[in-house]
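I opened the model today and kept notes as I went. The entries follow in the order I looked things up.

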Amino acid sequence: MGRAGTGTGGAAVAVAGPLLLLLLLLARSPPAAAGDGRKSDARLVSEQFSQSPQKLAFYSWYGSTRLFRFRVPPDTVLLRWLLQASWGSGPSCTNVEITVYFRYGAPPVINPLGTSFPDNTSVQPSFLVKMLHGNTSINISHPAPGDWFVAAHLPPSSQKIEVKGFIPTCAYVFQPDMLVVRVVEVSILEPDVPLPQTLLHHPSYLKIFVPEYTQKLRLELQGCASNGSLGCPVRLTVGSATLPGNFRKVLTCTGPTQDCRLLLPSPPWGRWLQVTAKSLAGPLVSVVFNAVAALTACRPWSVSFQHLLQNSANQSGNASTGLLPLSPSYQELDRSSGAGDSPFCLRNYPVPREDLDVVSVRFRPLDQVLVQSDMPSVLRLYLNTGMDSGGSLTISLQVNKTAIANNTLVVVCVTAASPFLSFNDSLNCTTAFFQGYPLSLSASSRKATLVIPYPETDNWYLSLQLVCPESPKECEQALVPVETTLYLVPCLNDCGPYGQCLLLRTHSYLYAGCSCKAEASVYAYTMFFSTFYHACDQPGEAVLCILNYDTLQYCDFLGSGVSIWVTILCMARLKAALKYVLFLLGTLVFAMSLQMDRRAAWNTMGPCLFAIMVMVTMWVYRCGRRRHCYPTSWQRWIFYLLPGISMATVAITIYTTMMTSDNYYYTHSIWHMLLAGSAAFLLPPREQHTDPWACSQKLPCHYEICKNHREELYTVT
């Protein structure tokens, strides 16, 4: 992987774009050339992919980035990104630094503002480059085929509010182009079949298909000789490059032996694996060898529905014994994997995929996952549709206190492409080309949670196995049930109490992001202007007027009326769109009525009575639909609603009947305190986080009656 910059300006790139891209690609020797670079390789072809330029924005949230998605074809040996940036020539245009991120399989996870992620969130550092005016190129050898994402943005926003049309702006334009060099003639390496190869000027391009349930892959170069003499000057590159991580395997065979081998545990299942052999000898030296691939397959034991029912029945009488004994089905498993048959390598628990909404999926095994020490229990999560990488994968595991002993440990590994199966050898949670996410459950820590934002497009696997570090024999007969909660959600915790989840779109690809929002600005407005209005409305010379008296009085009355209006409408629990429309409409009505006569009682009482009618109507509607009182909690009535209504009633009584010129300073202060206290009591509680689909009734056939409580997400393009 390399980076190169040119001095060509953005305008020149726009004029001679395709020609310049081709020249840049051809200026570099073919990546596969070894030794004599003067002879071209007829097996290589080049292709170019481009997307329309987009205007960049200063970063304030993830929607400020410009996301591009490219599809890298199979058998690609070189990927070159050409990044072009340009902007205008006005006085407001400065040489601003542009940040560009790259990631394979999913949008890049970025954090330019340095904010904290939620607990248990795993975030890998992003691969990024920073560029200025002009163009920059990024080279990646042997990239993984599939979706690649490029995201770009300007530096973080200064949060300064600027009036459009009065302050000049500058348009910063960014365009990425992708050039690939791929092989059109690739030799197929079949398992256990030697494939003769000769290296002279160019490398050998091979590939082997790795079927499912492959436990190990061994690649070997046999009978290697260089110009008739012993020795194997060959560099073997296996796998494809991904970003931000790169787990390609490189084996350099330089010893005097004729054989050279590479062992790969848990290679990626159900796909072709690239293998490149390159000569390390001189340009006129020929190297011959036989390439051999050997696959070690294991037999999965699939947990059937009948076995799950049988296990559940057997476990009901043994739940209090701490560690559950082996059920008959597992004893049958041990007998069936005798010497005459190939051994089992894993227990496969089928996990149905339930699509709930856009970028919202639920995975749920038919029953509890049972974990033992002899082999891992594996769950497969299908996240390979190409539209699942725009959300957050949430994995929550829990074990019952009575089901696990003090000296036992349930080790968990979350991986993509293939499961981790080597618990008996190592606990590093690493497959052939992927560094997994380790978790663990024990008697002292019975719950584990993992959140993966923007998971890669692939099949994901959960591998679980029971481990007894102090006494392995105690685990031989142990059986621990583990409860799983597996979701793909657009935004974690619906972006919290002060955020909103938005769907973003780039062409046909959808992904989610969080945007912060305010809800209490009207109360801050009221408090500010009420404070300075009363500081100005004082007898004598000790007064403080930041504005003229009439303006401060108007703002105080307006803020007080709108605060009451907003509080009552919040109690009505309206839909977000209707609530915000009424917020704005009520503010306009208050502004008009106070301008006509700000001391008229009905100018304030009229809109407030209308808001009360809306609230009562919504409460009666909910009572009729739910067939019980709303709000449903008696604690809500006793400790919040009744005190709030009482304080508001006393405040209105004091305001309308008890104020005189002599007691104004006291009664008016009491009025403000009671009104603020009533708002604190009457405002509805913060909405608790609920799953996007709430399931209230579970049926005996392992299905549930569910209802979607999530409001539709807004799509931002």
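**Entry 1: Thr-484.** Does Thr-484 count as buried or exposed? I looked up its relative accessibility, and at 17% Thr-484 counts as buried. My cut-offs are under 20% relative accessible area for buried, over 50% for exposed, and partly exposed in between, with a 1.4 Å probe and protein chains only. Thr-484 is found in strand 33, residues 480-489. Helices (H or I, at least four residues) and strands (E, at least two) are DSSP runs, numbered from the N terminus. I then listed what Thr-484 touches, not counting residues up to four places away in sequence: Pro-365, Val-369, Leu-379, Ser-396 and Leu-397. Contact here means heavy atoms within 4.5 Å.

**Entry 2: Ground rules.** This is a predicted model, so I noted that local features need pLDDT of at least 70, that side-chain atom pairs count only at pLDDT 80 or more, and that totals for chains, interfaces and linings use all residues. Residues are numbered from 1 along each chain as its sequence is written, and side-chain values use heavy atoms, with hydrogens and water left out.

**Entry 3: Confidence.** pLDDT is the predictor's confidence in each residue, from 0 to 100. The chain has a mean pLDDT of 79, and 81% of its residues reach 70 or more. Residues 1-38 are one of them, with 64 contacts beyond four places in sequence in the model. Residues 315-340 also stay under 50, and there the model has 56 such contacts.

**Entry 4: Whole chain.** I counted 10 helices and 38 strands. Of the 717 residues, 46% are buried. Among contacts between residues at least 6 apart in sequence, 78% join residues at least 24 apart.

**Entry 5: Cores.** Which residues have the most contacts inside the largest nonpolar core? They are Leu-397, Val-410, Val-414, Trp-460, Leu-462 and Leu-464, in a core of 43 residues. A nonpolar core is a set of buried Ala, Val, Leu, Ile, Met, Phe, Trp, Tyr and Cys residues joined through side-chain atoms within 4.5 Å. A second, separate core has 31 residues, including Val-129, Met-131, Phe-174 and Met-178. I went back to Leu-397. Beyond four places in sequence, its contacts include Leu-439, Leu-441, Leu-462, Leu-464 and Thr-484.

**Entry 6: Glu-97.** Glu-97 lies in the loop between strand 6 (76-87) and strand 7 (98-104). At 37% relative accessibility, Glu-97 counts as partly exposed. Its C-alpha atom is separated by 5.1 Å from that of Leu-132, 35 residues apart along the chain. Setting aside residues up to four places away, Glu-97 touches Lys-130, Met-131, Leu-132, His-153, Leu-154 and Pro-155.

**Entry 7: Backbone checks.** I found a cis peptide bond from Leu-243 to Pro-244, with omega near 10 degrees. Pro-244 is in the loop between strand 17 (234-238) and strand 18 (249-253). Ser-266 is not a glycine, yet its phi is positive, near 50 degrees. Ser-266 is buried, with a relative accessible area of 3%. His-507 also has a positive phi, about 55 degrees, although it is not a glycine. His-507 is exposed, with a relative accessible area of 53%.

**Entry 8: Helix 7.** The buried residues are Ala-576, Leu-582, Phe-583, Gly-586, Phe-590, Ser-593 and Leu-594. Seen down the axis of helix 7, they fall within an arc of 115 degrees, so they line one face. The arc is that of the directions from the helix axis to the C-beta atoms. The face turned away from the buried side carries exposed residues, among them Val-581, Leu-584 and Leu-588.

**Entry 9: Helix 5.** In helix 5, Val-522, Thr-526, Phe-529, Ser-530, Tyr-533, His-534 and Cys-536 are buried. They cover an arc of only 145 degrees around the axis, which puts them on the same side of helix 5. What covers them includes helix 6 (549-572) and helix 10 (664-682).
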